[in-house]
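The structure is shown first.

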Amino acid sequence: MDLQLKDQTCLVTGASVGIGHGVAKMLASEGARVAITARRENLLNELADEIAGTGAERPVVIPVDVNSADAPDVIKKAVDDAFGHLDVLVNNVGAAAASPMDAPDEVWDNLFDLNFKPTRRLTSAFLPGMLERKYGRIVNLTGTQEPPAASASTAAKAAIQAWSKGLSNQVGADGITSNCVCPGRIMSEQVTERLYPTEESRQQFADANIPAGYFGDPEDIACMIVFLCSPIARYVTGTVIEVDGGMKRYSH
Ligand SMILES: NC(=O)c1ccc[n+]([C@@H]2O[C@H](COP(=O)([O-])OP(=O)(O)OC[C@H]3O[C@@H](n4cnc5c(N)ncnc54)[C@H](OP(=O)(O)O)[C@@H]3O)[C@@H](O)[C@H]2O)c1
């Protein structure tokens with residue numbers, strides 16, 4: 001199937017490792033022109049070199065802390081300078097971390113800052129151009145819809161889902177889609193280095209919670225994201241799609 005992504009201009013946030021890294025590679029392999037952003041410039045350049053090594057166009061590297069006050073302006077300028085316009089925005093940046101009930105406000109605020117604010121701010125930066133061109137694809141990475149406990153990152157992701165659904169209503173007639181994709185447990189940096197650092201801990205969780213029986217790879221979720229980024233996904237909008245090996249019904 002031709003996803004018709006050739007020469008589509010795409011921005012992937014949080015692309016230095018993990019899911020964003022996998023999405024950027026898959027978009028490039030489909031012939032898209034890709035811009036990648038995160039804080040670690042060395043990792044972004046490694047990814048750009050890897051993609052260029054396949055014969056694809058070298059991605060535009062935009063090293064920036066997405067929470068800095070000028071991040072949307074910096075990222076938009078770099079994208080405009082390189083591409084002139086943006087067709088596809090993948091709002092992937094985010095992270096989970098413990099946020100007990102009695103955690104200080106700072107812990108909750110920081111997780112909301114990372115898991116909600118950049119998605120809204122970046123979308124606001126690129127939406128006027130999409131509206132003008134009557135075309136756009138916005139894909140937002142969120143989280144479980146069946147949280148086992150009150151958590152700041154899950155609550156912030158739920159806010160994105162409500163925001164994305166509302167947005168999809170507003171921009172649907174302008175050729176713009178907005179969808180959310182919820183990962184179950186995907187082998188990314190935060191998962192393998194922080195949340196489930198051992199093979200034993202991953203297998204234990206998978207045995208108890210994931211019908212498929214294993215943690216997914218970034219490519220498993222990139223397939224869904226890249227489809228939603230494509231022109232042929234024009235009739236899919238306002239959705240929240242789980243890619244989780246069947247985990248959602250059993251999570252606890
Ligand atoms: N993996 C899963 O199982 C899972 C499950 C549920 C939801 N999710 C969601 O899926 C998305 C991707 O997760 P992941 O597991 O692939 O995460 P990850 O491996 O931890 O990667 C996170 C990415 O975000 C970037 N980032 C973090 N803070 C940043 C900041 N302040 N400014 C700019 N970039 C920043 C990191 O790059 P730098 O450190 O270089 O800045 C990195 O590229 C997130 O929204 C996450 O909440 C993932």
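Entry one: helices α1 and α2. I looked up how helix α1 (residues 18-29) lies against helix α2 (residues 41-53), and found that their axes come within 10 Å and cross at roughly 25 degrees. This makes α1 roughly parallel to α2, a term for angles under 35 degrees. Axes are lines fitted to C-alpha atoms, for helices over the stretch in contact, and angles run from 0 to 180 degrees between N-to-C directions. Helices are DSSP runs (H or I, at least four residues), numbered from the N terminus. I noted that H21, A24, K25 and A28 of α1 meet L47, E50 and I51 of α2; contact means heavy atoms within 4.5 Å.

I recorded the basis of the model: it is predicted, local features need pLDDT of at least 70, side-chain atom pairs count only at pLDDT 80 or more, and totals for chains, interfaces and linings use all residues. Residues are numbered from 1 along each chain as its sequence is written, and side-chain values use heavy atoms, with hydrogens and water left out.

Entry two: helices α3 and α5. I found that α3 (residues 71-83) and α5 (residues 117-133) pack at an angle of about 40 degrees, with their axes 9 Å apart. The contact is made by P72, I75, K76 and V79 of α3 and by R121, L122, A125 and F126 of α5.

I noted 29 residues around the ligand, each with a heavy atom within 4 Å of it. A polar side-chain atom of R39 lies 2.7 Å from a ligand oxygen atom. For I19, a polar backbone atom is 2.8 Å from an oxygen atom of the ligand.

Conventions
Polar contact = N/O pair within 3.5 Å; in protein donor to acceptor, adjacent residues only side chain to side chain. Parallel < 35°, antiparallel > 145°, perpendicular 65-115°, else oblique.
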